[in-house]
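The sequence and structure are shown below.

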Amino acid sequence: MSTLDGPDEIETLFSVEDELFDLVYPPWIRELSARHWTPVVIARKAAEFLVAEPGTRVLDIGCGPGKFCMVGALATAGHFTGVEQRKHLASLALDTIKQEQIPNAEIIHTNVTAIDFSAYGAYYLFNPFEENLFKMGRIDSSLELSMEMYNQYTRHVAGELARVPLGTRVATYCGLCDEIPAGYKCEESHFDDALKFWRKTKE
Ligand SMILES: C[S@@+](CC[C@H](N)C(=O)[O-])C[C@H]1O[C@@H](n2cnc3c(N)ncnc32)[C@H](O)[C@@H]1O
């Protein structure tokens, strides 16, 4: 298990900077932020790793209300796409990106299984599927969640990441990292191992 699985530990990385950033969101999204959305300090650090060169296309797998995409797009010269299965979160992310006029961020409302991974050069995951494993602390009750779905989505992403080119960068924040297939090396970790930087080094 990650060293930051408990809500109390995750919340220690949530700062005044997050309280300010989260003002772009309605109160119900702010209330979920400390547990479910990437803290600004983590998003900035991960984005700097993922955007190896200007224009790198980064996919946030399970983007929620788009916080990682927006921070990454504002902090780097990359292009950030978030995919989100919950329609209300995808719509909010889209509206917020439009409202803040962030040209290098976009949102796709669909399941990650419908995404063409070859359109992206780097990938970010903050615990997208672990909600399926725990009854406590879910985002909401709008979806059927199960261990089978955890296994299905995790296997799907691992299969896609196994096919991308050598040298591809992936960042994971918290979680079990079951989506990272063999052939990837964890090259750096930060924030007590909560944030991991991976690179594909072998086929
Ligand atoms: C822990 S939140 C992270 C949000 C965002 N990446 C961030 O860092 O702020 C995980 C998100 O993944 C979404 N998600 C889970 N399974 C998904 C799937 N199969 N396809 C698309 N989105 C998914 C959830 O609805 C949730 O909004």
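## Basis and polar contacts

A polar contact is a pair of N or O atoms within 3.5 Å; within protein, one must be able to donate a hydrogen and the other to accept it, and residues adjacent in sequence count only if both atoms are side-chain atoms. The model is predicted, with local features requiring pLDDT of at least 70 and side-chain atom pairs pLDDT 80 or more, while totals for chains, interfaces and linings use all residues. Residues are numbered from 1 along each chain as its sequence is written, and side-chain values use heavy atoms, without hydrogens and water.

An N or O atom in the side chain of E84 is 2.6 Å from an oxygen atom of the ligand. For R86, the distance from a side-chain N or O atom to a ligand oxygen is 2.8 Å. G62 takes part through its backbone, where a polar atom lies 2.7 Å from a ligand nitrogen. Of the 600 Å² of accessible area that the ligand has on its own, the protein covers 98% (Shrake-Rupley method, 1.4 Å probe).

## Ligand shell

The ligand has 22 residues around it (a heavy atom within 4 Å), of which T38, G62, E84, R86 and P128 come nearest. By class, the shell has twelve nonpolar, seven polar and three charged residues. The strands β2 (79-84) and β4 (122-126) each supply at least two of its residues.

## Largest pocket

The ligand takes up the space of the largest pocket, whose volume is about 670 Å³. A pocket is an open set of points on a 1 Å grid over the protein atoms alone, with protein on both sides within 12 Å along at least five of seven lines; lining residues have an atom within 4 Å of a point.

Of the 43 lining residues, F126, N127, P128, E131 and I139 are the closest to the pocket centre. Elements giving two or more residues to this lining include α3 (27-36), β1 (57-61), α5 (67-75) and α7 (147-163). The lining has 22 nonpolar, eleven polar and ten charged residues.

## Cavity

The largest cavity contains about 40 Å³ of space. Its lining includes L125, N127, P128, Y173 and C174, and divides into six nonpolar, three polar and two charged residues.

Notes: On a 1 Å grid over the protein atoms alone, a cavity is a set of points where a 1.4 Å probe fits but cannot get out, and a pocket is an open set with protein on both sides within 12 Å along at least five of seven lines; lining residues have an atom within 4 Å of a point. A molecule sits in a cavity or pocket if more than half of its atoms lie within 2 Å of its grid points. Helices (H or I, at least four residues) and strands (E, at least two) are DSSP runs, numbered from the N terminus. Ala, Val, Leu, Ile, Met, Phe, Trp, Tyr, Cys and Pro count as nonpolar, Asp, Glu, Lys and Arg as charged, and the others, Gly among them, as polar. Grid points are joined across faces, edges and corners, and a volume is the space filled by probe spheres set on the points.
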